[in-house]
Amino acid sequence: MSRVLHAPLKLKSVDIDLPKGSYIGLPCKFMHTDPELYPDPLTFDRYRFYDKASNTSTARATTASETFLPFGYGASLCPGRFIGVKAAQVLFSRFLLEYDVQFLSKGQKFAPMVLLENTWTYPEMDVMAKVRRRQPKSP
C-alpha cells in the first residue's frame, strides 16, 4: 500500500523532510511476515487462520484488519476486493483443471519475493517450468 505525496511532508518524530512526489507506504510484506503477528510466517500452514473452537476460518483474503493488508484498511479499503478475489479463484481453479505443470529442475529453489522501493513485491522471475494444456476428455 503506497501513496505519492502531493505536497512536502515533515515527519517530526524522525526529523525527516519528504519532498513532493515522494513515495510513502506501509511495509505490508514485513507485517505479513512478522513472527509476532503470525507464528512461523514463512512456513505454509493451511490451518493458520482456522479456529478449532468454532470450526470456522475467520480470516479470509477479503477480511481487513490492522495486520492483514492485501487490500488496504479503513477509508482506503478496496471496494473491488470481492471481485478481485473471486476472479483469482476462478482463474486458479481453471488453471488447475486444464493444465499440467512440471518444474524443470526438482532441486529448484524458490527465492523470496523481491521488495521494491514503493512497497510492491514481485516473485522471482527465473523459475523454469513446463506448462501443457490437458487434452479434453471425450464423452
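Visitor: In what order do the elements of the protein chain run from the N terminus on?
Guide: In this predicted model, the elements follow the order β-β-β-β-α-β-β-α-β-β-β-β, read from the N terminus.

Visitor: And how many helices and strands does the secondary structure come to?
Guide: The protein chain has two helices and ten strands.

Visitor: What pLDDT does the chain average?
Guide: The average over the protein chain is a pLDDT of 83, and 86% of the residues score at least 70.

Visitor: Which elements have the lowest and the highest mean pLDDT?
Guide: Strand 8, residues 114-115, has the lowest mean pLDDT among the elements, at 58, whereas helix 2 has the highest, at 93.

Visitor: Switching to the surface, which residues form the nonpolar patch?
Guide: The patch consists of F92, F95, L96, V101, F103 and V131, which together have about 550 Å² of accessible area. Two elements, helix 2 (81-98) and strand 7 (99-103), each give two or more residues to this nonpolar patch.

Visitor: Which element supplies the largest share of it?
Guide: Helix 2 does, with three residues of the nonpolar patch, and that is the largest share.

Visitor: Where is V101 found, then?
Guide: V101 belongs to strand 7.

Visitor: Why does V101 count as partly exposed?
Guide: The relative accessibility of V101 is 40%, and V101 therefore counts as partly exposed, because that class lies between the limits of under 20% for buried and over 50% for exposed.

Visitor: Changing topic, how many aromatic pairs does the structure hold?
Guide: There are four aromatic pairs in the structure. One of them joins F95 and Y99, whose rings are stacked at 5.3 Å centre to centre with 15° between the planes.

Visitor: What makes that pair stacked, in terms of the planes?
Guide: The planes of F95 and Y99 are 15° apart, and the pair counts as stacked because the cut-off for that label is under 30 degrees.

Visitor: Are F95 and Y99 buried, exposed or partly exposed?
Guide: F95 counts as partly exposed because its relative accessibility is 33%, and Y99 likewise counts as partly exposed, at 25% relative accessibility.

Visitor: Which residues form the aromatic cluster?
Guide: Y38, F49 and F68 form one aromatic cluster.

Visitor: Back to the whole chain, what percentage of the residues count as buried?
Guide: Of the 139 residues of the protein chain, 10% count as buried. The protein chain exposes about 11,700 Å², of which carbon and sulfur atoms supply 61%.

Visitor: And what about contacts between residues at least 24 apart?
Guide: Among the contacts in the protein chain that link residues at least 6 apart in sequence, 42% join residues at least 24 apart.

How values were computed
Residues numbered from 1 in each chain as written. Predicted model: local features only at pLDDT ≥ 70, side-chain atom pairs only at ≥ 80, totals over all residues. Heavy atoms only, no water. Patch = residues over 30% accessible without salt bridge, like charges linked within 9 Å, V, L, I, M, F, W, Y side chains within 5 Å. Areas by Shrake-Rupley, 256 points an atom, 1.4 Å probe, with all protein chains shown as cover. Salt bridge = Lys/Arg side-chain N within 4 Å of Asp/Glu carboxyl O. Helix = DSSP H or I, 4+ residues; strand = E, 2+ residues; numbered from the N terminus. Buried < 20%, exposed > 50% of the residue type's maximum accessible area, 1.4 Å probe, protein only. pLDDT = per-residue confidence, 0-100. Phe/Tyr/Trp six-rings, centres within 6.5 Å; stacked < 30°, edge-to-face > 60°. Contact = heavy atoms within 4.5 Å.
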